[in-house]
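This briefing concerns a predicted model. Please examine the sequence and the structure shown here before turning to the points grouped by topic.

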Amino acid sequence: MTKPPIPQESLDTIAVWGGEDGPAFEGATQVPVVHSVAFGYADVDEWQAVALGRSRGHIYSRNTNPTVAAFERKVMVLEHAEAATSFATGMAAISNTLFALLAPGDRVVSIKDSYGGTSKLFTEFLPRIDVQATLCDTDDHDAIERAVAAGCAMLYLETPTNPTLKVVDIARLSAAAHRAGSLVVVDNTFATPINQNPLALGADLVVHSATKFLGGHADALGGVLCGPAELVRRVYHYREITGAALHPASAYLLLRGLKTLHLRIRQQNASAQRIAEYLSRHPKVGAVFYPGLPGHPHHAVAARQMRGFGGVLSFMLAGGFGEVRAFLPRLRRAHRAANLGSVETVVGPPATTSHVENTAAERAALGIPEGLVRYSVGIEDPDDLIADLAQAL
Ligand SMILES: *Cc1c(COP(=O)(O)O)cnc(C)c1O
C-alpha cells in the first residue's frame, strides 16, 4: 500500500488559510469572535429560508455560529472531509457520535486501549441503552476481524493509543468492517491530520479532541467530527438538540492554534524521536513506547499509514511507581498535568491522566503498568529537554 496521498495544496498551506473563506466583517483579515447568541432578520421570509437551511446564515449559536463554523471548515479541509461539526470537548464529540449513530440492540467492536473516557462509554453508558461493546486486544488484528465479521454496527478505533502508543492498521480493519457492513470511526487525536488522515485510509468518520494538538496551547477545550455530509448531519442534529456546542471564544483560540499546527507537529515529531532514542539507551529506563522506534512492534504499520510518528511517547522507570513519584517533581521543563499536545512539554502517570477514570485493577486489566510515564513533547529545544530528563533520571 502506498502512503496516503498529499492533497494538491500542501497541508501546511491549508493549516494557515483553510476554512477562513466565510464573509469578512468590515474587511477584517482574521475571523472575528462572534459572541452573539442569536442572529436577527428584518425580513421574515429570509429568516425562514435560513432556518430551513435553504439560505446560508445563522439562527442561534447552539446550532451554528460564524466563528465556530470557520473552525469546523479548517479541520474539515485538513482531514479532506466533505463535512465537519464541532463540540464543547473531545468527549462530547465521541459521545454524541456514538449516541447519535447507535441504536438499542447494536454492537460496537473496539480495542481495549481506547482513551479512558471512551472506554467508560463502552462499559458503563452504552449498555444502558442496550448497545454492547466487544473490546478486543489492541495487538490482535485477527481477533478484531473475527469480532467484526460476527456482525457489528460500528468499529471504533484509536491510533496511536494512549498511553502505550500502540498502532492499529486502519486500512486493514476498515476493509474488514466494510465487508461486514459496519461503519468505521477513528479517534485521530494523537496523530493529527498532519501525520495521518484516517478517511484516506478507509475510515468513515474521524473524531478529535481539539483540546490537544489541534489547539496546541492548552487554553481551550473542544472536539470535532469529520466525514461524509449525511453521517455528520445526523450527529450534528443530535448535538443541536442535546446542546454540547463549542463556545465561539474557544473556537477562536483553536483556529489560531491550527495556523501553526504543521510547524508544531513537525518539531514535536522530530523531538519525540530523538528523546525516545535517548531514553531507550538510558540504564534507568525499562522500556520506551514510541512508534518511531524500529523495535516498536507496530513500527511497520505506523511507517505505512503515518507521515510522522507524533509528539507523545511513554516509558517505564525500572524502579516502578515509587520511582515515578520521585522522578516527576525533579523535571524542570514539564508541566505535571493531565493534558497533552501543548507547546509546553507535559508529563504524567496514567493513573492521574488518561486513565484517571479507571481503578488500579482496571488499569492492570488493560495492561497499563503503574510505573509508566507519559511524556508529551513540546516545541522546546530537544537538547534542553534531554538535559532535563538526564538530570531528573
Ligand atoms: C483527551 C482525549 C480525549 C477527550 O478529549 P477532551 O477534550 O478532554 O474531552 C479523547 N481521545 C483522546 C485520544 C484524548 O487524548
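Ser209 is located in strand β6 (residues 205-209), where helices (H or I, at least four residues) and strands (E, at least two) are DSSP runs numbered from the N terminus. With a relative accessible area of 13%, Ser209 is buried; the term buried stands for under 20% relative accessible area, exposed for over 50% and partly exposed for values in between (1.4 Å probe, protein chains only). Apart from neighbours within four places in sequence, Ser209 is in contact with Gly90, Thr189 and Gly222, contact being defined as heavy atoms within 4.5 Å.

The model is predicted: local features need pLDDT of at least 70 and side-chain atom pairs count only at pLDDT 80 or more, whereas totals for chains, interfaces and linings use all residues. Residues are numbered from 1 along each chain as its sequence is written, and side-chain values use heavy atoms, with hydrogens and water left out.

- On a 1 Å grid over the protein atoms alone, a pocket is an open set of points with protein on both sides within 12 Å along at least five of seven lines, a cavity is a set where a 1.4 Å probe fits but cannot get out, and lining residues have an atom within 4 Å of a point.
- The volume of the second largest pocket is about 270 Å³; a volume is the space filled by probe spheres set on the grid points, which are joined across faces, edges and corners.
- Of the 22 residues that line the second largest pocket, Met91, Tyr115, Ser209, Thr211 and Lys212 are the closest to its centre.
- Helix α4 (residues 90-101) supplies the largest share of this lining, three residues.
- The lining of the second largest pocket comprises eight nonpolar, nine polar and five charged residues; Ala, Val, Leu, Ile, Met, Phe, Trp, Tyr, Cys and Pro count as nonpolar, Asp, Glu, Lys and Arg as charged, and the others, Gly among them, as polar.

**Largest pocket**

- The largest pocket has a volume of about 1,200 Å³.
- It is lined by 39 residues, of which Gly57, His58, Thr64, Ala69 and Arg73 are the closest to its centre.
- Elements giving two or more residues to the lining of the largest pocket are α2 (44-51), α3 (66-78), β1 (83-87) and α9 (229-242), and α3 gives the most, with seven residues.
- By residue class, the lining of the largest pocket holds 22 nonpolar, eleven polar and six charged residues.

**Cavity**

- There is one cavity of 30 Å³ or more, and the largest cavity has a volume of about 40 Å³.
- Its lining consists of Ser61, Arg62, Asn63, Thr64, Asn65, Val68, Ser86, Arg239, Ala245 and Leu246, which divide into three nonpolar, five polar and two charged residues.

**Aromatic pairs and helix packing**

- The structure holds three aromatic pairs; rings of Phe, Tyr and Trp (its six-membered ring) pair if their centres lie within 6.5 Å, and planes under 30 degrees apart count as stacked, over 60 as edge-to-face and the rest as tilted.
- The ring centres of Phe315 and Phe327 are 6.0 Å apart and the planes stand at 85 degrees, so this pair is edge-to-face.
- Phe315 belongs to strand β9 (residues 312-317) and Phe327 to helix α13 (residues 320-327), twelve residues apart.
- Phe315 is buried at 0% relative accessibility, as is Phe327 at 1%.
- Phe315, Phe327 and Tyr375 make up one aromatic cluster.
- Buried residues of helix α10 (residues 248-258) include Pro248, Ser250 and Leu254, and the buried residues of α10 pack against α1 (11-17), α3 and α11 (261-280).

**Backbone features**

- Cis peptide bonds join Thr159 to Pro160, with omega about -10 degrees, and Asn162 to Pro163, with omega about 5 degrees.
- Pro160 is in the loop between β4 (154-158) and α7 (170-179), and Pro163 is in the loop between β4 and α7.
- Leu165, in the loop between β4 and α7, has a positive phi of about 55 degrees although it is not a glycine; Leu165 is buried at 1% relative accessibility.
- Glu26, in the loop between α1 and α2, has a positive phi of about 50 degrees and is exposed, with a relative accessible area of 77%.
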